[in-house]
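Q: Please take a close look at one part of this structure and describe it at the level of individual side chains. From there, kindly follow the aromatic and charged contacts into the rest of the chain.

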Amino acid sequence: MSFDYDLLIMGGGSAGLAASKRAAAYGARVAIAEQSAMGGTCVNRGCVPKKLMVYAADFPQLFHDAVGYGWQAVQPQFEWSKLMQAIRQELQHIQQSHQQALAKAGVEILTGRATFVDPHTLAVGDRQVTADKILIAVGGRPTKPNFPGAEHALTSDEMFQLSQLPQQIAIIGGGYIGVEFASMLRNFGSEVTLVDNAEQVLSGFDSDLRNEVQAGLIHRGIKFCGNSTAKEITSEAAGLCLQLAGDCSESLTVDTVLCAVGRTPNTKDLGLEQVGIATDPKGAIAVDEYSRTHQPNIFAVGDCTNRLALTPVAKMEAIAFVETEFGGQPQPVNYDCVPTAVFARPEAASVGLTETKAREQFGDEVRCESSRFPPLYVSLTGRPEKSLVKLVLDSRSDRVLGAHMVGEAAAEIIQTLAIAIRMGATKRDFDQAIGIHPSSAEEFLTL
């Protein structure tokens with residue numbers, strides 16, 4: 001049977017872009033269907049604009065710290081609209097770069113949301129196209145809890161479209177998205193209340209890391225309501241009234257409420273039922289280690305599956321799929337030692353097992369080495385800030401099972417340690433390595 005394309009990709013996010021260019025390099029006829037701006041969530045509503053906002057939010061502290069280093073005090077003025085315009089311009093530049101790269105690679109762009117007609121046919125806009133293989137890479141979308149008045153709350157998608165900086169904001173959800181927005185907005189001058197149904201923020205991270213980040217947020221003036229949930233939001237003359245339940249059973253009056261309670265696979269209305277592909281209760285598509293669905297020619301990668309929802313993971317899955325199907329090199333993805341970071345202030349990052357998970361697997365053979373220390377940078381600023389580094393170890397083999405850090409450049413430092421830990425580095429290896437002095441990364445080698 002003759003097809004329009006060898007590979008048709010549903011979704012122009014990080015995974016779709018990576019797969020399309022790699023497959024085209026193997027000589028495949030490739031098309032990518034995207035209904036919105038090229039780049040997906042990461043470029044347009046996630047990683048990139050968020051990190052730019054993190055950089056912008058650092059300047060008030062930098063202006064303050066500069067005085068301790070001999071600079072004259074300044075009274076800076078911040079313009080939210082100017083920042084938003086600059087971010088939009090940068091995102092447009094990235095979108096255009098992706099389009100140019102696809103054109104150079106010979107990948108055809110189909111504008112519109114693709115839905116299944118049959119296992120080899122997709123409807124895109126007002127046309128139907130066929131493909132030998134189809135890759136679902138539609139990503140995820142933010143979710144909202146089901147309570148009265150939830151429609152008054154924003155999700156992370158809308159936060160990058162605000163016309164003005166919130167003066168008082170309540171953030172529901174203490175995961176990395178909620179924590180990052182709380183940190184950024186507080187640095188911009190907003191009054192921030194962070195609400196989480198757990199006692200501590202960042203569920204799933206190492207307990208010492210969670211303690212350190214939560215203490216840092218509170219020290220920076222963020223009000224934290226733990227063991228609490230949103231009960232109702234009502235719109236009143238003074239603003240939005242958020243009623244809480246739990247340990248903080250109070251009412252908050254704010255001008256903005258952000259729901260940051262997680263994301264769900266963006267698999268609704270794809271026509272999956274037309275091709276016999278089922279999803280789990282959360283909407284995730286089940287796949288095997290080679291990203292294959294129940295249909296032999298249909299594959300899925302990234303946040304629409306039931307695996308790790310991280311941009312670098314989605315890209316790796318996409319590349320592994322192409323190498324397997326077009327490169328003749330079967331390549332499953334190894335999910336061990338995937339690093340992750342929280343770009344808050346304080347910044348946090350982890351790789352490998354938490355202390356809790358390690359003890360579940362290795363019992364009493366687990367030992368931990370950690371240190372809290374004032375980074376050199378803050379010594380002239382007058383800030384009583386400390387960084388945390390922690391290694392989780394298997395006493396029997398001396399192998400490093402996990403590394404966790406809170407402090408300046410945590411993400412960059414942990415990312416490099418991920419290579420060593422994945423390769424089986426031991427505590428002795430860390431001890432014998434020669435570090436760079438003075439640096440925070442050096443502390444991992446002197447525990």
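A: Phe-63 has a relative accessibility of 35% and therefore counts as partly exposed. The model in which this residue is examined is a predicted one. Phe-63 is placed in helix H3, and together with Phe-59, Leu-62 and Val-74 it makes a nonpolar surface patch of about 350 Å².

The loop that leads from helix H3 (47-68) to helix H4 (80-105) contains Tyr-69. The ring of this residue belongs to one of the 7 aromatic pairs in the structure. Tyr-69 is stacked with Tyr-377, the centres being 5.9 Å apart and the planes at 20° to each other. Tyr-377 lies in the loop between strand E19 (366-373) and strand E20 (387-394), so that the pair joins distant parts of the chain, 308 residues apart. Both partners are partly exposed: Tyr-69 has a relative accessibility of 38%, and Tyr-377 has a relative accessible area of 30%.

A second aromatic pair, formed by Phe-160 and Phe-181, is tilted, with 5.7 Å from centre to centre and 55° between the planes. Phe-160 is found in the loop between helix H5 (156-159) and strand E8 (168-172), while Phe-181 belongs to helix H6 (residues 176-188), and 21 residues separate them. Phe-160 counts as buried at 10% relative accessibility, and Phe-181 is likewise buried, at 2%.

Ring pairs also join Phe-78, Trp-80 and Phe-188 into a cluster. Trp-80 is among the buried residues of helix H4, which also include Leu-83, Met-84, Ile-87, Leu-91, Ile-94 and the polar side chains of Gln-95 and His-98. The helix H4 itself has 26 residues and reaches 38 Å between its first and last C-alpha, close to the 38 Å expected at 1.5 Å a residue. Gly-106 follows H4 and has a positive phi, near 85°. A charge-to-ring contact is made by Lys-51, which lies over the face of Phe-343 at 4.1 Å from the ring centre.

Turning to charged contacts, the whole structure holds 23 salt bridges. In one of them, the side chains of Arg-22 and Glu-323 meet at 2.7 Å, N to O. This pair connects helix H1 (residues 14-25), where Arg-22 lies, to helix H8 (residues 311-325), where Glu-323 lies, across 301 residues. Arg-22 is partly exposed at 31% relative accessibility, whereas Glu-323 is buried at 7%.

Another salt bridge joins Lys-390 to Asp-208, the closest N and O atoms being 2.8 Å apart. Lys-390 counts as buried because its relative accessibility is 1% and the limit for burial is 20%. Asp-208, by contrast, is partly exposed, with a relative accessible area of 28%. Both residues belong to a network of salt bridges that also links Asp-206, Glu-355 and Arg-359.

Finally, Glu-250 and Lys-223 meet in a salt bridge of 2.9 Å, N to O. Glu-250 is partly exposed at 26% relative accessibility, and Lys-223 is partly exposed at 37%.

How values were computed. Residues numbered from 1 in each chain as written. Predicted model: local features only at pLDDT ≥ 70, side-chain atom pairs only at ≥ 80, totals over all residues. Heavy atoms only, no water. Phe/Tyr/Trp six-rings, centres within 6.5 Å; stacked < 30°, edge-to-face > 60°. Helix = DSSP H or I, 4+ residues; strand = E, 2+ residues; numbered from the N terminus. Buried < 20%, exposed > 50% of the residue type's maximum accessible area, 1.4 Å probe, protein only. Lys NZ or Arg CZ within 6 Å of the ring centre and 35° of its normal. Expected span 1.5 Å × (residues − 1). Patch = residues over 30% accessible without salt bridge, like charges linked within 9 Å, V, L, I, M, F, W, Y side chains within 5 Å. Areas by Shrake-Rupley, 256 points an atom, 1.4 Å probe, with all protein chains shown as cover. Salt bridge = Lys/Arg side-chain N within 4 Å of Asp/Glu carboxyl O.
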